[in-house]
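I opened the notebook to look at two things.

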Amino acid sequence: VTHNQENVFDLQWLELPDVAPEELEALSRNMVFHLRRLIDERDECTELIVDLTQERDYLQAQHPPSPSKSSSADSTPSPTSSLSGEDKQHLAVELADTKARLRRVRQELEEKTEQLVDTRHEVDQLVLELQKVKQENIQLAADARSARAYRDELDSLREKANRVERLEMELVRCKEKLHDVDFYKARMEELREDNIILIETKAMLEEQLTAARARGDKVHELEKENLQLKSKLHDLELDRDTDKKRIEELLEENMVLEIAQKQSMNESAHLGWELEQLSKNADLSD
């Protein structure tokens with residue numbers, strides 16, 4: 001015990017409620033070592049006791065004890081002195097049988113030891129396989145993550161494909177609108193011609209308005225001849241009223257024409273902007 005602390009087997013771990021698997025394995029190994037050592041010591045002591053008993057009986061048979069010693073022997077009788085030869089032979093047979101059983105037990109112990117070594121080797125192999133399985137599990141987890149990433153990328157590509165389909169539909173609509181450009185060009189030429197006609201009409205109406213204004217200026221001169229031209233005044237007033245109505249109509253027509261001109265100019269500007277947009281879209285489609 002002093003020189004080797006492993007000769008002491010601590011039994012306090014039996015009182016502990018929870019023991020770690022590593023400590024339990026170490027304690028189990030220590031217990032097996034102690035049990036094996038105790039069995040070997042027991043077998044050696046048994047053989048030694050039997051040998052000493054047989055040697056004592058043989059010595060007692062060769063050298064019978066003296067009366068004094070026999071009296072002392074009678075006072076303390078030996079268990080083997082009362083045995084007969086048959087019993088001794090029977091004990092010898094049992095001893096041989098015990099030795100044979102001891103050899104068998106030792107052989108079984110060696111076999112169990114070999115099985116234990118094989119089992120430990122299998123456990124090591126299982127541990128290695130478990131590590132391989134863990135590595136494969138980690139690899140599968142990584143593959144799963146990469147698969148999720150690929151799935152997200154596939155979803156984004158699907159969204160892009162849907163967007164491309166929408167853009168293709170818009171492109172088809174733009175091409176259809178592009179076919180209407182000729183119609184809009186012809187319409188714009190017509191509007192330009194109408195605009196030129198409206199400008200000429202406006203110039204003519206401005207001349208008429210200037211003439212009407214000149215005639216309105218002459219009214220003051222005609223008032224001087226009012227007394228002389230009473231007979232003609234009524235006709236001139238009628239003419240003046242007619243001229244005023246005509247001027248008002250011309251002013252209204254002029255305003256209508258100006259509004260129409262502004263609308264036509266706005267429409268022409270809008271058509272020009274749409275034409276530019278369509279040309280830009282056509283360039284982008286090309």
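My entries on both follow.

I am working with a predicted model, where local features need pLDDT of at least 70, side-chain atom pairs count only at pLDDT 80 or more, and totals for chains, interfaces and linings use all residues. Residues are numbered from 1 along each chain as its sequence is written, and side-chain values use heavy atoms, with hydrogens and water left out.

**Entry: surface**

I looked up a nonpolar surface patch and found M31, L35, L38 and I39, with about 320 Å² of accessible area together. I placed L38 in helix α1, residues 21–62. L38 counts as partly exposed because its relative accessibility is 47% (buried is under 20%, exposed over 50%, with a 1.4 Å probe and protein chains only).

**Entry: largest cavity**

I found three cavities of 30 Å³ or more. The largest holds about 70 Å³ of space. Its lining is Y184, K185, M188, L271, G272, E274, L275 and L278 (lining residues have an atom within 4 Å of a point on a 1 Å grid where a 1.4 Å probe fits but cannot get out). α5 gives the largest share, five residues. I sorted the lining into five nonpolar, one polar and two charged.

**Entry: second largest cavity**

I noted about 50 Å³ of space here. L205, E206, L209, I247, L250, L251 and N254 line the second largest cavity. The elements giving two or more residues to this lining are α4 and α5. α5 gives the most, with four residues. By class I have five nonpolar, one polar and one charged.

Conventions. Patch = residues over 30% accessible without salt bridge, like charges linked within 9 Å, V, L, I, M, F, W, Y side chains within 5 Å. Areas by Shrake-Rupley, 256 points an atom, 1.4 Å probe, with all protein chains shown as cover. Salt bridge = Lys/Arg side-chain N within 4 Å of Asp/Glu carboxyl O. 1 Å grid on protein atoms, 1.4 Å probe; cavity = no way out; pocket = protein on both sides within 12 Å on 5 of 7 lines; lining within 4 Å. Points joined across faces, edges and corners; volume = space filled by probe spheres on them. Nonpolar A, V, L, I, M, F, W, Y, C, P; charged D, E, K, R; others polar.
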